[in-house]
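Subject: Structure handover

Hello,

Here is the structure we spoke about, with notes on what came out of the analysis. Please look it over before reading on.

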Amino acid sequence: MENGSLTKKQVLLYYCIEMEDVARKIAADSDCIHLHSINWRSFEDGFPNLFINKAHNIRGQHVAFLASFSSPAVIFEQLSVIFALPRLFVASFTLVLPFFPTGSFERMEEEGDVATAFTMARILSNIPISRGGPTSVLVYDIHALQERFYFGDHVLPLFETGIPLLKQRLQQLPESEKIVIAFPDDGAWKRFYNQLGNYPAVICTKVREDDKRIVRLKEGDPAGCHVVIVDDLVQSGGTLIECQKVLAAHGAAKVSAYVTHGVFPKRSWEQFLHKDDEKAFTYFWITDSCPVTVKAIANKAPFEVISLAGSIADALQT
């Protein structure tokens, strides 16, 4: 056992099916985290038939659940477990939800819009209190920081970031490469600039021309540099592609990208794959917060997966 581990809390980690690989990495990273399983079954009508294994043994223990709300179809069965675990007389309960999926739907622009980020936060705010107090909800790079205030007083949102993992990866690149960080818009700059302030910055912006929104270079000089575009998530990828074109047109030697959450609906990641005559992105780094994507892009250039496992293991000691 590692020195000092006697003073660390032992955590029993349950996990959903999609997150099994990440859960095993977390347990491998720390001898204070022990995996426990759930039987994920369904009745003939399709509704969940669930069983929490070793339920009697978790009384008085620190318990966590690693979730993936990758689609509405899997949310209900996981919520059923999430609401059950704190009621089993556990010492504390932590929900690890690396990707908060409705985070980009946080605003009402006209009457009638439904801010589903607020809806999800309200649901999670009603997780039962455990013997140790409110549930901790661990989320990585939530889309808008003001969403912290969407959660009620019965849970404690803990917001972490994948940026330190990106910085570790950038330090492994050849010293001869001059790294510049590009932000696809002002929002990304405000969000991440302080964490990446030791790198020169380039800021892009979207301007409206006729009926189109065009990406332009707002400030900074990418000429001759390896430019890394940084954002919290990617969906269709259209903005990243337009940013790459603008940066290349202004002389960038290489362009790569990092997003914490590679959502990529409808296999939109395919447009980034290296082809014989086209390699627009040197690297495309994502974390394993979206496990469906991770399986789909395995061993496909330019994609590289940076695991959150070690960071989650550390956060579970908070």
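Predicted model: local features only at pLDDT ≥ 70, side-chain atom pairs only at ≥ 80, totals over all residues.

Leaving out residues up to four places away in sequence, T94 is in contact with V63, A64, F65, S136 and L316.

Cavity

T94 also takes part in lining a cavity. How many cavities of 30 Å³ or more are there? The count is 1, and the volume of the largest cavity is about 30 Å³. Its lining consists of K9, V11, H62, V63, A64, S92, T94 and L316. Strands β5 (62–66) and β6 each give at least two residues to that lining, and β5 has the largest share, with 3 residues. By class, the lining of this cavity has 4 nonpolar residues, 3 polar and 1 charged.

Second largest pocket

The second largest pocket has a volume of about 450 Å³. Helices α2 (72–84) and α7 (291–296) are the elements that contribute two or more residues to its lining. In total 21 residues line the second largest pocket, and F69, S70, S71, F99 and V263 are the ones nearest its centre. The largest share of the lining is that of α7, at 3 residues. Which classes of residue make up this lining? There are 14 nonpolar and 7 polar residues, and no charged ones.

In soluble globular proteins, nonpolar side chains tend to be buried together. The largest nonpolar core in this model has 70 residues, and the members that touch the most others are F65, L66, L95, F100 and L124. Strand β1 (residues 11–15) provides the largest share of this core, 5 residues. Another core, of 26 residues, lies apart from it, and its members include C225, V259, F264 and F303.

For F100 the contact list, again without residues up to four places away in sequence, is A117, M120, A121, L124, V139, I142, E147 and F151.

Helix α3 (residues 116–124) has A117, M120, A121 and L124 as its buried residues. Viewed down the axis of α3, these fall within an arc of 100°, so they line one face of the helix. The elements they pack against are α2, β6 (92–96) and β8 (155–160).

In helix α4 (residues 163–170), the buried residues are I163, L165, L166, R169 and L170. Their arc around the axis is only 155°, which puts them on the same side of α4. The packing partners of these buried residues are β9 (179–183), α5 (186–192), β12 (226–234), β13 (254–262), β14 (284–287) and β15.

Backbone points to check

Most residues other than glycine have a negative phi, and most peptide bonds are trans.

- D141 has a positive phi, near 45°, and is not a glycine. D141 belongs to the loop between β7 (135–140) and β8. Is D141 buried or exposed? Its relative accessibility is 3%, so D141 counts as buried.
- N299, also a residue other than glycine, has a positive phi near 60°. N299 is in the loop between α7 and β15. N299 is exposed, at a relative accessible area of 83%.
- The peptide bond from A301 to P302 is cis, and its omega is near 10°. P302 is placed in the loop between α7 and β15 (303–306).

Regards

How values were computed:
Residues numbered from 1 in each chain as written. Heavy atoms only, no water. 1 Å grid on protein atoms, 1.4 Å probe; cavity = no way out; pocket = protein on both sides within 12 Å on 5 of 7 lines; lining within 4 Å. Points joined across faces, edges and corners; volume = space filled by probe spheres on them. Helix = DSSP H or I, 4+ residues; strand = E, 2+ residues; numbered from the N terminus. Nonpolar A, V, L, I, M, F, W, Y, C, P; charged D, E, K, R; others polar. Core = buried A, V, L, I, M, F, W, Y, C linked by side-chain atoms within 4.5 Å. Buried < 20%, exposed > 50% of the residue type's maximum accessible area, 1.4 Å probe, protein only. Contact = heavy atoms within 4.5 Å. Arc of directions from axis to C-beta.
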